[in-house]
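Please keep the sequence and the structure in view while following the text.

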Amino acid sequence: MPHLDETRRRFMTHFATIGLGTTLAPGIIWARMQDAGEKRITLEMVVDAMKLSGLHFTDDELKQMVDAANRNLTQYEELRAVHIPNDVSPPFHFSAIVPGIEVNKTKWPFRLSAAPSAKRPANLEEAAFWPVRHLAELIRTRQVTSVELTEMYLARLHRYNGLLNNVVTFLDELAMTQARKADAEIAAGKYKGPLHGIPWGAKDIISVKGYKTTWGSPAFKEQSFDYDASVVEMLREAGAVLIAKLATGELASGDQWFGGQTKNPWNPTQGSSGSSAGPSSATAAGCVGFGIGSETSGSILSPSARCGLAGLRPTFGRISRYGVMALSWTQDRLGPICRYAEDCAIVMQAIAKPDGRDMSVSDVPFNWNAQLDVKKLRVGIIKESFDELTNAAATKNAEQTLDTLRSIGVTNFVPLVVPEAPANVSALGVESVVFFDEHARAGKMKEARGGGRPSGRLVPAVEYLRSQRVRMMMMMKLAEATAGVDVYVVASNNTGSGGRGEGRGDAGRGEGRGEGRGTGAPPGEPPRPQTPTQRHSNMANLACYPAINVPNGFAETGSPTNVTFFARPFGEGELLALAKAYQDAAGFHLKRPPALEEKRTPSA
């Protein structure tokens with residue numbers, strides 16, 4: 001009886017909203033209604049339920065309760081008849097800024113590093129793995145056209161997609177149109193900057209007008225929208241060339257989608273991790289200049305670590321999410337997935353600004369100065385993240401990371417103490433069920449992994465809001481703990497094997513699913529206590545701190561290992577400066593996945 005079940009859910013929801021959701025009262029009253037064949041509750045039903053539940057109210061309170069419950073049942077019907085577009089968020093907007101955090105609101109000139117002496121290689125594919133900074137110089141000096149670069153990257157995407165499964169929709173025609181336009185503008189002396197003519201790929205939760213946006217799910221694989229996401233508009237305005245919709249884990253979770261599993265270029269027998277699976281796989285494989293991914297709980301950092309990339313999770317409120325599927329209005333972030341930290345800065349310059357649509361976007365300017373003296377940065381360290389490492393290669397590479405930082409002038413690491421704070425304050429469960437509510441009522445979520453995400457419906461409104469107040473307290477504790485540093489270093493146990501304990505030293509272990517629980521407990525048992533490193537990973541994510549993963553060596557298997565740099569909210573300038581300086585000294589971002597040359601496979 002689907003109609004009866006639906007009515008019962010609405011009924012239970014009302015009692016949760018008035019603080020009785022965890023008592024026996026709703027179930028008792030519902031049973032009385034069914035016994036009496038009624039569609040509305042009566043005073044007698046409520047009186048009996050309150051007696052059996054051990055709760056005591058005055059006659060006036062009981063009558064008010066009856067009137068409110070019946071009135072709300074009608075109001076719920078009216079609300080559910082209203083169509084809510086995907087881009088409409090609740091009218092309250094989360095901020096990563098809490099008391100004790102100060103941000104710089106002064107806009108500074110955008111200062112890139114000195115132009116590299118880039119020379120066109122005889123075989124243009126040799127440039128496929130070059131940083132955007134170098135590709136841009138080839139285009140600026142007119143050694144290469146955008147059409148040539150776009151044709152090269154499209155050829156690689158088609159060639160390796162059968163092996164890596166990282167493309168949902170090829171956009172060859174659109175890409176060539178945009179590339180020809182870029183070349184015409186450059187020829188006319190209208191060079192827009194370092195993204196002009198650079199091919200890129202979008203995670204397939206990002207809307208592109210006239211093309212499918214599948215969210216990686218069989219339930220939505222024919223879905224399309226008649227508008228572009230803001231990030232697509234901004235990158236087009238900067239002259240970048242969109243060449244593909246890249247795979248997302250289904251509904252932004254993991255690396256499995258309706259087309260199968262997206263693979264890791266360093267080890268094509270293994271998944272790329274997710275949920276920004278396609279942007280990470282394609283960037284690591286030299287199939288795009290850069291990608292745009294999204295993160296709610298690890299979905300940029302985790303695949304970036306697995307695929308050996310510089311993946312930036314920006315501060316919440318940096319980039320508009322207009323036109324992007326939502327999981328959590330208070331946690332979702334878009335971010336660049338690149339090979340080089342300065343490339344992330346180049347992309348951020350184009351997209352980190354208000355758009356007048358996503359009202360959570362801050363007006364704090366993104367500043368980049370490639371000449372920033374990293375010796376003057378206050379660099380912290382979470383020592384426990386190094387102590388907890390269990391893999392020999394990860395341990396060796398982590399220690400070498402500190403040695404490399406010392407070699408570039410970071411001589412004093414400030415120890416940070418991870419504060420104690422409640423972990424179960426994620427908004428993901430509740431907010432995702434709200435976003436997908438209309439789809440669930442239409443029956444579409446039956447085809448999707450996770451269905452209608454029913455567990456979020458069991459969280460009373462009072463408990464949800466209380467958890468977010470506790471979240472604020474946690475954020476204030478983390479702000480206090482990090483007050484003495486600009487950037488800090490966290491070691492990672494990632495070796496690319498995907499085994500138990502992988503990634504617990506970084507912020508990427510959740511693969512888009514994280515709910516802030518402890519780890520390793522069987523279903524039905526209390527979560528096990530988190531280590532300080534795990535606790536920090538969860539806290540920094542929920543406090544919406546920026547972070548970047550960069551490769552710091554290789555494991556015995558040949559897969560990349562990584563280190564994660566964090567900063568306080570809106571500290572991306574300092575964060576990227578330290579990451580760039582480290583990459584310049586270490587050079588691991590210049591390595592290429594040997595598996596690709598060994599296993600060339602035509603596109604399916």
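One aromatic cluster is formed by Trp215, Phe220, Phe225, Tyr227, Tyr322, Trp329, Phe435 and Phe436, where rings of Phe, Tyr and Trp (its six-membered ring) pair if their centres lie within 6.5 Å, and planes under 30 degrees apart count as stacked, over 60 as edge-to-face and the rest as tilted. The model is predicted, so that local features need pLDDT of at least 70 and side-chain atom pairs count only at pLDDT 80 or more, while totals for chains, interfaces and linings use all residues. Residues are numbered from 1 along each chain as its sequence is written, and side-chain values use heavy atoms, with hydrogens and water left out.

**Aromatic pairs**

A search of the whole structure finds 15 aromatic pairs. One of them joins phenylalanine 225 and tyrosine 227 in a tilted arrangement, with 5.6 Å centre to centre and 40 degrees between the planes. Phenylalanine 225 and tyrosine 227 are both buried; buried means under 20% relative accessible area, exposed over 50%, and partly exposed in between (1.4 Å probe, protein chains only). The rings of tryptophan 266 and phenylalanine 554 also form a tilted pair, with centres 5.3 Å apart and planes at 50 degrees. This second pair links distant parts of the chain, 288 residues apart, with tryptophan 266 in the loop between strand S6 (263-264) and S7 and phenylalanine 554 in strand S14 (residues 547-554). Helices (H or I, at least four residues) and strands (E, at least two) are DSSP runs, numbered from the N terminus.

The table gives the accessibility of several residues discussed here.

| Residue | Relative accessibility | Class |
|---|---|---|
| Tryptophan 215 | 1% | buried |
| Arginine 133 | 8% | buried |
| Tryptophan 266 | 11% | buried |
| Phenylalanine 554 | 26% | partly exposed |
| Arginine 142 | 53% | exposed |

**Backbone geometry**

Most residues other than glycine have a negative phi, and most peptide bonds are trans. Tryptophan 215, a member of the aromatic cluster, has a positive phi of about 55 degrees although it is not a glycine. Tryptophan 215 lies in the loop between strand S2 (199-203) and helix H8 (230-237), and its C-alpha is 4.8 Å from that of isoleucine 205, although the two residues are 10 apart in sequence. Arginine 142, in the loop between H5 and helix H6 (146-164), likewise has a positive phi, near 60 degrees. The peptide bond from glycine 274 to serine 275 is cis, with omega near 15 degrees, and serine 275 belongs to the loop between strand S7 (267-271) and helix H9 (277-284).

**Arginine 133**

Which residues does arginine 133 touch, not counting residues up to four places away in sequence? They are Leu112, Ser113, Ala114, Ala115, Pro116, Glu342, Asp343 and Ile346, where contact means heavy atoms within 4.5 Å. Arginine 133 is placed in helix H5 (residues 132-140), and a polar atom of its side chain lies 2.8 Å from the backbone oxygen of serine 113.

**The protein as a whole**

The secondary structure comes to 19 helices and 15 strands, and buried residues make up 59% of the 604 residues. Among contacts between residues at least 6 apart in sequence, 75% join residues at least 24 apart. The protein exposes about 24500 Å², of which carbon and sulfur atoms supply 53%; accessible areas come from the Shrake-Rupley method with a 1.4 Å probe, and for residues only the protein chains shown count as cover.

Technical notes: A polar contact is a pair of N or O atoms within 3.5 Å; within protein, one must be able to donate a hydrogen and the other to accept it, and residues adjacent in sequence count only if both atoms are side-chain atoms.
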